[in-house]
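Okay, thanks for coming, everyone.

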Amino acid sequence: MNVTTLPKPPRVGLVSLGCPKNLVDSERIMTKLRAEGYDMSPDYAGADVVLVNTCGFLDSAKEESLEAIGEAIAENGRVVVTGCMGKEAEVIRERFPNVLAITGAHQYEEVVAAVHEAAPPIPSPFIDLVPEAGLKLTPRHYSYLKISEGCNHRCAFCIIPHLRGDLVSRRPDAILREAEKLIAAGTRELLVISQDTSAYGVDIRHKAWPWKGEEVRAHMTDLSRELGKLGAWVRLHYVYPYPHVDNIMPLMAEGLVLPYLDIPFQHASPSVLRAMRRPANDAKVLQRIRSWREQVPDLAIRSSFVVGFPGETDEDVAYLLAWLEEAQLDRVGAFKFEPVEGAPATSMDDQVPEDIKQERFEKVMALSARISAEKLQRKVGSMIDVLIDAVDEETGGATGRSKADAPEIDGEVHLRDAGELKPGDIVSVQVEDADEHDLFGVPA
């Protein structure tokens with residue numbers, strides 16, 4: 001009897017840094033390589049080549065990326081670099097001349113070609129297999145769904161358009177097909193991401209494509225409605241507060257989209273927002289937030305704010321704190337302004353000293369923590385739906401998230417007497433206690 005001996009496939013190690021958009025890029029690269037017969041290595045020692053997907057948004061992120069490249073070279077020696085820091089190939093080459101190849105963000109074909117060069121694939125019908133939904137770096141029950149690349153904004157503190165280019169929207173039918181495959185593979189929550197979700201379709205004039213006997217426009221409202229029909233939780237990230245965001249509220253009221261908005265306000269002071277080159281009509285935003293909550297009482301809003309932007313005064317910070325008090329946002333992250341090479345704000349006058357940045361950061365975070373604690377305390381005694389992320393069978397405890405909590409960035413719901421649950425379950429929970437960020441309860 002003739003026995004076929006399968007060739008040993010080349011193995012690729014992966015280090016993925018940065019934001020969820022980078023994570024999606026890594027998943028697409030992995031899926032392509034796995035489809036060509038490559039195996040993934042969990043460590044440096046077993047890899048024929050190591051792929052480092054870098055972040056280049058802030059200097060601290062760049063340094064983390066350089067450290068990761070250095071570690072991969074020290075541990076393995078055969079390294080391909082991709083991602084946002086690929087725009088600074090000369091910096092990488094100067095520090096690590098032995099890097100095999102460097103490509104930019106979402107340059108999938110170039111990355112795969114570089115891996116081919118470093119570790120050629122071995123064609124075999126027995127190993128060129130991949131799950132239809134692709135390979136994932138997130139747990140099976142939730143998935144990031146990227147709807148566009150790039151950004152048309154020119155914020156003074158940001159170099160994303162330089163790294164990733166202008167807005168390029170995906171076709172809605174392609175997005176919906178991907179979402180269907182993810183749900184069929186076990187996804188219970190779709191996290192919609194882009195640089196500017198509200199601008200989706202602007203570059204292609206909101207053109208419509210056929211979808212299941214109808215037409216769907218490349219527009220945030222239309223896409224959200226169709227995603228909501230697929231049966232998974234749909235969570236919208238990076239939503240700029242354009243007027244048409246108002247049209248998402250009825251979808252939330254119908255249960256098609258989670259009552260959650262991730263809006264990058266960045267500041268509230270009109271003078272700082274103008275210096276940042278961002279919309280500055282803060283009063284109207286507060287009015288719209290009140291209107292949204294009238295339509296969707298359980299709406300959770302998360303945002304991020306930058307303190308210490310060049311020229312920011314004590315009065316600007318007082319304005320921001322008063323605005324936050326009135327807005328009563330559910331989740332708030334704050335960041336100290338960090339100069340980034342290539343960003344206009346880096347060369348602006350009136351740079352704020354680091355000790356003052358720290359003081360302002362602490363004020364924003366203290367206020368946000370108090371508001372969060374007060375809002376979460378009001379949920380004690382209520383019933384909420386929770387998506388289970390992890391279960392500890394030994395203790396009988398479990399950790400999950402409510403509709404108000406995105407993974408990694410928001411709070412969690414910690415459960416007792418939940419050992420029989422499994423990740424991906426959606427259960428009703430009686431809330432028993434709360435702290436500044438998390439809820440505690442028991443399955444009903």
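So, D433 stands opposite F440 in β20. Strands and helices here are DSSP runs, E with at least two residues for strands, H or I with at least four for helices, numbered from the N terminus. Pairing, by the way, needs at least two DSSP bridges between two strands. A hairpin of four residues takes you from β19 to β20.

Before I go on, a word on what you're looking at. This is a predicted model, where local features need pLDDT of at least 70 and side-chain atom pairs count only at pLDDT 80 or more, while totals for chains, interfaces and linings use all residues. Residues are numbered from 1 along each chain as its sequence is written, and side-chain values use heavy atoms, with hydrogens and water left out.

Back to those strands. What do they belong to? A closed barrel of five strands, running β16-β17-β18-β20-β19, with mixed pairing. Neighbouring strands in that sheet are turned by 50° against each other on average, direction ignored. The axes behind such angles are lines fitted to C-alpha atoms, for helices over the stretch in contact, and angles run from 0 to 180 degrees between N-to-C directions. On the other flank of β19 you find β16 (residues 383–392), again antiparallel over five bridges, and there V386 stands opposite V427 in β19.

Next, R331. You'll find R331 in strand β15, residues 331–336. Is R331 buried or exposed? R331 counts as buried because its relative accessible area is 9%; the cut-offs are under 20% for buried, over 50% for exposed and partly exposed in between, with a 1.4 Å probe and protein chains only. The R331 side chain makes a polar contact with the side chain of D405 at 2.4 Å. A polar contact means a pair of N or O atoms within 3.5 Å; within protein, one must be able to donate a hydrogen and the other to accept it, and residues adjacent in sequence count only if both atoms are side-chain atoms. Ignoring neighbours within four places in sequence, R331 is in contact (heavy atoms within 4.5 Å) with a list including I301, S303, S372, L376, D410 and H437.

R302 is the residue opposite R331 in β15. Strand β14 (residues 300–307) pairs with β15 in the parallel sense, over six bridges. The chain gets from β14 to β15 through helix α11 (residues 314–327), in a right-handed β-α-β crossover. Right-handed means that, with the strands pointing away from the viewer, the path from the first strand over the helix to the second runs clockwise.

S372 and L376, from that contact list, are also among the buried residues of helix α12, as are K357, R360 and K375. Helix α12 (residues 354–377) has 24 residues and reaches 34 Å from first C-alpha to last, close to the 34 Å expected at 1.5 Å a residue. That expected span is 1.5 Å times one less than the number of residues. S368 sits in this helix too, and S368 is buried because its relative accessible area is 8%. S368 and L321 are 47 residues apart in sequence, yet 9.1 Å apart in space, C-alpha to C-alpha.

Now the other sheet I wanted to show. Five strands make an open sheet in the order β2-β1-β3-β4-β5, with parallel pairing.

V52 is in β3, and counts as buried because its relative accessibility is 0%. Leaving out neighbours within four places, V52 is in contact with V15, A68, I69, A72, V79, V80, V81 and T82.
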